[in-house]
Amino acid sequence: MAFPHRPDAPELPDFSMLKRLARDQLIYLLEQQHEVDKLYKVESKPVLSSSEQLCFLVRPRIKNMRYIANLVNTDKLAGRTRKYKVIFSPQKFYACEMVLEEEGIYGDVSCDEWAFSLLPLDVDLLSMELPEFFRDYFLEGDQRWINTVAHALHLLSTLYGSFPNCYGLGRCAKMSHELWRTLEEEEDGETKGRKAEIGHIFFLDRDMDFVTALCSQVVYEGLVDDTFRIKCGSVDFGPEVMSSDRSLKVLLNAEDKVFNEIRNEHFSNVFGFLSQKARNLQAQYDRRRGMDIKQMKNFVSQELKGLKQEHRLLSLHIGACESIMKKKTKQDFQELIKTEHALLEGFNIRESTSYIEEHIDRQVSPIESLRLMCLLSITENGLIPKDYRSLKTQYLQSYGPEHLLTFSNLRRAGLLTEQAPGDALTAMESKVSKLVTDKAAGKITDAFSSLAKRSNFRAISKKLNLIPRVDGEYDLKVPRDMAYVFSGAYVPLSCRIIEQVLERRSWQGLDEVVRLLTCSEFAFTDITKEDKASSESLRLILVVFLGGCTFSELSALRFLGREKGYRFIFLTTAMTNSARLMEAMSE
């Protein structure tokens, strides 16, 4: 069940060094502030402490500065004198210091910076844990985090050698790459002549592929994230999973042997695997019956502890699966998936629109309704004006007028848009195309393109074969391509682009796709002429997701790596899913 990599696949770098570097730096910062005995989490409630020194470890956010300023000014009014230290992570912003100055406390606090920008969540996954990156950049146009991304990449290249082959798609990707290259040139001595351990690096903006992030996840790890919310590599399993009145925080990574075998599997296969695992475990326990005293002693000292640990993990994931099944059955998950697939394929659009209207009228979930509207909008290159007004009106009447600003945000980000009058011709183009051969359809499409903008998702989908043609039922037990992460209905666009570029070693032959993605000037290839990379490192690939990535994309690329002999390492600003995407846009 766990993807067994080919024998010739390269080994992954050891990222434990990143944790040690971050820990040592934080200890150094804290030791400079004498008698620091407790770190306070910034919350709405006041800090209750008799300590004469307070140390705050915070994200560089304005609201955090207001909180600290209120606390210091309250102490001043009470005539209390304390020492205050603020440690910003991952970097200190001038705007935060300006707020402290405006509040009149800049001279009362000392400021430091903890450059902790890379958190290893798993053997192949690094996260910057910046969930605000998506909204800040893709909605507000705030570029402050690009410097953090560049410094994180510079740290990686310092530890593991520079990346000889770079590919990128998107405005943010290009800026991050350029700033990182500037840092490399300024400190060229650190990496010059060093053997590169990672042969390729991809920079991808989230807005290049909103569709993948908006789809419901059906691989096990993605479903756990959609249902329970995986935060910082761990999840809180509540009483419904534990079959008791307590909750448990569980770390989900490759060290959990049961989870590691099912994390990338389609959910329909997971129960069968867990059942077989339970039978195997019971058979190992049953071996005790025929043992003599010496064998029993060896069994207890060598195997029993491991079996108990495996039994505990097995019970945990069976409970999680049962909880997911109950929730999805209640939500009529099959009908929801059917609607999503219809939207992706461009069939039964009127029926899908009616399903979304019913979803809104029943007040199922404001986030879910918004997600389906956005998926309809992107796959159809915007909503027909009549449908846009109707859905928007029904949504505001059902969930409240306070969501009006959310619609403005979604429009600005390109997630929920209204078609211009000429765009309606794309429907005619689509109908005519079905009646003629592909060659003739291409000519008709070119003719229409001079009159109206085509549906980019449909065109990109056709160019890259994102909707696989399947004869008969798709075999999810033995998947043949990356489409299995969406039940065989859709190959994630981001993953297909990486696959195509790796085959071509450039964007050559993908010019039309890049043009349709409306980022022609922001697609780049940066290949170092010096042959620093070994054949082994050229099969080790770092993928940088700017604005978040989903667990479905990780599973798809792990599958691609297994099939093609690559090993992928992922660096993301944060993990995301459809709900987080919608919440980031919500007011």
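Visitor: Which side chain does Arg558 join in a polar contact?

Guide: Asp124 is the partner, and the contact between the two side chains is 3.0 Å. Keep in mind that this is a predicted model.

Visitor: Where does Arg558 sit, and is Arg558 buried or exposed?

Guide: Arg558 lies in helix α25, which covers residues 551-564. Arg558 counts as buried because its relative accessibility is 8%, under the 20% cut-off.

Visitor: Switching topic: how many residues are in the largest nonpolar core?

Guide: The largest nonpolar core has 169 residues. Those with the most contacts inside it include Leu156, Tyr220 and Val543.

Visitor: Which helix gives this core its largest share?

Guide: That would be helix α5, residues 146-160, with 8 residues in the core. Apart from this core lies another one of 5 residues, among them Ala22, Leu26, Cys55 and Trp114.

Visitor: You named Val543. What does Val543 touch?

Guide: Leaving out residues up to four places away in sequence, Val543 touches Phe202, Leu204, Ile498, Leu557, Phe568, Ile569, Phe570 and Leu571. As a general point, nonpolar side chains in soluble globular proteins tend to be buried together.

Visitor: Back to helix α5, then. Is Ala150, which lies in that helix, buried or exposed?

Guide: Ala150 is buried, with a relative accessible area of 0%.

Visitor: And which residues does Ala150 touch?

Guide: Not counting residues up to four places away in sequence, Ala150 touches Ser176, Leu179, Trp180 and Leu183. Ala150 and Leu183 are 33 residues apart along the chain, and their C-alpha atoms are separated by 7.7 Å.

Methods: Residues numbered from 1 in each chain as written. Predicted model: local features only at pLDDT ≥ 70, side-chain atom pairs only at ≥ 80, totals over all residues. Heavy atoms only, no water. Core = buried A, V, L, I, M, F, W, Y, C linked by side-chain atoms within 4.5 Å. Buried < 20%, exposed > 50% of the residue type's maximum accessible area, 1.4 Å probe, protein only. Helix = DSSP H or I, 4+ residues; strand = E, 2+ residues; numbered from the N terminus. Contact = heavy atoms within 4.5 Å. Polar contact = N/O pair within 3.5 Å; in protein donor to acceptor, adjacent residues only side chain to side chain.
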